[in-house]
Amino acid sequence: MVNKRYLARRFLLMVISIFTVATILFFLFRMVPGGPMSAIMSPRMTEAARQRVIENFGLNEPLWKQYLLYMWQLLHLNLGQSFYYGQTVKTLILDRFYNTMALMLTAFLISYTVGIYLGAQLGWIRGTSKERAGMLVVLLVRSTPVFWTGMIVLYVFAFKLNLFPLGGMRGVGAQYSGPVSKFLSVDFLYHLVLPVFTLCTYYTGLPLLLMRNNLLEVLSEDYIDTARAKGLTNRRILFRHAARNAVLPVVTAFAIAIGFAVGGQVLIETVFSWPGLGREMVKASLRSDYPVAQGAFLLLSTIVISMNFFADLAYTYLDPRVRLGGT
Amino acid sequence: MRKMGAAGAAVGSVSIAGCSDQTNPDGGGEGTGTGSKNVESDLPEERKIGEKVHVSNTERYYAARYQANALVDKTFRDELGVPVQTKPVEITVLVSREQEGDFHLVTYNWTASNGDPDGIIYDRFHKNGSLNYYGFNNQRYNELAAGQRRETDEDARQEMVHEAQKILGEQRPENQYLYNVTPYAFNSDAIDPDSIVVNDKGLRNIWNYTQMEPTNENGRVVVTNNWDPSDQLNPLHLNAIGPSRNWTPTRFMHDFLFRPDPDLQMTPWAAKEYEYTDGTTLDVTMKEGMTFHDGESVTADDVVYTFNLIMETEPPAYINNVVQTTESVEKTGELGVRFNLTEAYAPYIALTLGMVPILPEHVWEQRISETGNEEAPWKVPVNDDMPIVGSGPFEYGTWDQASRFRMPAFKEHAFAAPNIDARVQNPLSTRDAEMEAMIQGDYILLDYWFGSPRQLSNTVDEQDHLSMVQNSGQGRQATWVNMERPPFDDVAFRQATNALITGVQPTIIEELYDGFGNEAISPINPTLKFWHNPDTPYFENGVEGAITILNDAGYAWNEDGELHYPEGKTGE
């Protein structure tokens, strides 16, 4: 059950957190050496032209004024215009955001589904040689740097076997009728296979280990013995009684992971030439493209903070014993 | 080439000493013999040369360049006793530090990339040059740099440019590491090798893309590794002009009155003929039958509109070459345009008419009005809903941001219709993937190659369907010194720096660049045959030559081998 006052308090806290993050981001990027003019200046631009650009970007105003303007625009959900691209940040980020989410959500959904299932199975067969072998494989894969796995996967399946594309999100000649067909076409799915497979090998480990460990605790509970005494099948005990209670921490991990998914996996995006938000965040930071960098990181922070909040709420529905904010 | 070694020229007030019989085997005393350091005891601490910062790209950004810097700095430290530290920074930080004068030495590749020497002679080294971050200010040089701009007689201008190089060679605000030689690969099964045109930009030049002959179906769509053009599809954008920018789509989708030919000579493109009626009036007649991609005719009205738009709104990228140089532009006929210059400006054809795309008035007028960018047309967005309409040999096709940009050939182009059907920029983010795309036939050619030239060369040797061409661009890799900070305010120290760098040049070229480079002496690359001065002076004999110059200028070393300023001079 959710206490309404608690809910309101948490919501307020969430807004304050986002405000704080926006403030920190604003000042943090301006402390980075370099500055936006270095990335966008044409080599033959005169000093007068340079000043004109600076004024046009509003960078000639005092910092406090820039900050107030930024916050005011933020309140109106206006993230500004990219210094480098000359496009609105919203358009720019959304374009890369969809690409990243298509990659990361697919990977997380598969990883958490497979991880929860395998984790439950491994927990159930604890102490057997199969479980030990399974754990060895899981720990090995989980400890392997994901970019390295990506490079090996790319090398084997794309470079050597020519089974999959070398990178990117779509083929040279692929045509789409609209944005939906773009993400549901065979061509797109074909490009998605290797990066998703690579991410899954890494991300499956966390839900699997969490699930396994939680299940071990749950299996020692009295109600499991009761279920056994009632003569229920192992499968029913595992999935209807044990797994449901063991899955709670995995839900939290999943919610947080979704939040971080927005940031993408910069290294995987680089290895597979995926035009996602993660790479754009790095590029924007290096170019001191403040509006894009701030917008992207703010989006990431907002989703992480929000997903934490929703994870708490999800708890109450998955486990009626949990009450948020007391009675 | 005019070498200036231990025996040499008098430059300004500094005499570059000849060889001396006095040698200094003990490393002490006041010997000034070639390569023998002038070692003194009890040198005051305030004369000791402190740490100098060499701002460099990171090794990840450009390995060979970083390593070349590290080699030069190590030679400074180990051989001359000058504590020069390599400071690798991100490219934006490097640019920013250079602009703020926060460096002692700074190194990168640079080219004006337009076939004209003005960007080097004036912008880089004239006292008012927009890129003169080094404090170089030489009276005679300033006269020459400003004079060559006004001199419309080519031979007279060449003479001035040559003399300017001579001064730069003696004064050494810039020390060249090498003239890069860049290899490019293409699929010779898909494209007829005889139809390939290489110029200073390698294969990504309009002559190549319009003349390439496909030999099979695969070659009809030329896929290349050029990166996302998102920052500059609007031809008035801040980044629309500049060699380091990805301006290929803009150059290909628009026509220009003039373009540099493969030999870098400016040649009429959309212009049919031209004539200077006096030093400040240029009449141009355009070719007949040209149309924009939407079928509308290209007329003198469009040229006049484009120039007036630029002069009225002053897009920052065009202030230098259009706003400041053009008084007015008027129509003299359906295809005739008169350009009235503010004053005689020799590079007008190359740097103005060769850089300004012809924009369709009927499209831009509407776009600017619809988007409310009357004051800043350089902010008009470009995307699939508002595509570029130009008249160049390639059209705007489709653009998946950060992923793929397709440019169909404009088969109706009046005089430069491409033989291929389309050009696609499909960037991959690693060099290995780019190379593999060439091997597997996904790419038809490489617009750029930032990996190891040797790796590319070896791959081409192993693959029957690949061929390689190489070219020396207009640029050079060089280190610039900050003449407002000692010891680089002293011409003798700069000359010693040049001698040191000349000494390590063969190692840089052969070891770090795998032989893909040529020895360099002047800021103007020999590719610009007409403008390059092969007699530009430079200083040789490496470390020994540097020691001789420093000895003669009064520098001294202590017993620990640390270099000290001449008597009476102190510094950082």
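Author: The dialogue below takes up confidence, chains, domains, cores and backbone angles.

Author: This is a predicted model, in which local features need pLDDT of at least 70, side-chain atom pairs count only at pLDDT 80 or more, and totals for chains, interfaces and linings use all residues. Residues are numbered from 1 along each chain as its sequence is written, while chains are lettered from A and ligands numbered from 1 in the order in which they are written.

Reader: What pLDDT does chain B average?

Author: pLDDT is the predictor's confidence in each residue, from 0 to 100. Where it is low, the predicted coordinates should not be read in detail. Chain B averages 89, and 92% of its residues score at least 70. Over residues 5-34 of chain B, however, pLDDT stays under 50. For the model as a whole, ipTM is 0.81 and pTM is 0.83.

Reader: How many helices and strands does chain A have?

Author: Helices (H or I, at least four residues) and strands (E, at least two) are DSSP runs, numbered from the N terminus. Chain A has 16 helices and 0 strands, and its C-alpha trace spans about 85 × 60 × 40 Å along the principal axes.

Reader: Which residues of α13(A) are buried?

Author: A residue is buried if 20 or more other C-beta atoms lie within 10 Å of its own, exposed if 12 or fewer, and partly exposed in between, with C-beta atoms placed from the backbone. In α13(A) the buried residues include Val250(A), Phe254(A), Ala257(A) and Ile258(A).

Reader: How many residues of chain A are in contact with chain B?

Author: Two residues are in contact if their C-beta atoms, placed from the backbone, lie within 7 Å. By that criterion, 38 residues of chain A meet 45 residues of chain B. On the chain A side, α3(A) gives the most, with 6 residues. That side has 17 nonpolar, 14 polar and 7 charged residues; Ala, Val, Leu, Ile, Met, Phe, Trp, Tyr, Cys and Pro count as nonpolar, Asp, Glu, Lys and Arg as charged, and the others, Gly among them, as polar.

Reader: How far apart do the domains of chain B lie?

Author: Domain bounds come from an automatic or database domain assignment. Here the assignment gives domain 1 (50-179 + 474-537) and domain 2 (189-224 + 226-427) of chain B, and their C-alpha centres lie 31 Å apart. Their contact takes 17 residues from domain 1 of chain B and 16 residues from domain 2 of chain B.

Reader: Which residues touch the most other members of the largest nonpolar core?

Author: A nonpolar core is a set of buried Ala, Val, Leu, Ile, Met, Phe, Trp, Tyr and Cys residues joined through C-beta atoms within 7 Å. Of the 146 residues in the largest one, Met211(A), Ala296(A), Ala185(B) and Leu445(B) touch the most other members. The largest share, 13 residues, comes from α5(A).

Reader: Where is the place of Glu314(B)?

Author: Glu314(B) is in the loop between α8 (300-313) and α9 (319-323) of chain B. Its phi is positive, about 50°, although Glu314(B) is not a glycine. Glu314(B) counts as partly exposed because it has 19 C-beta neighbours inside 10 Å.
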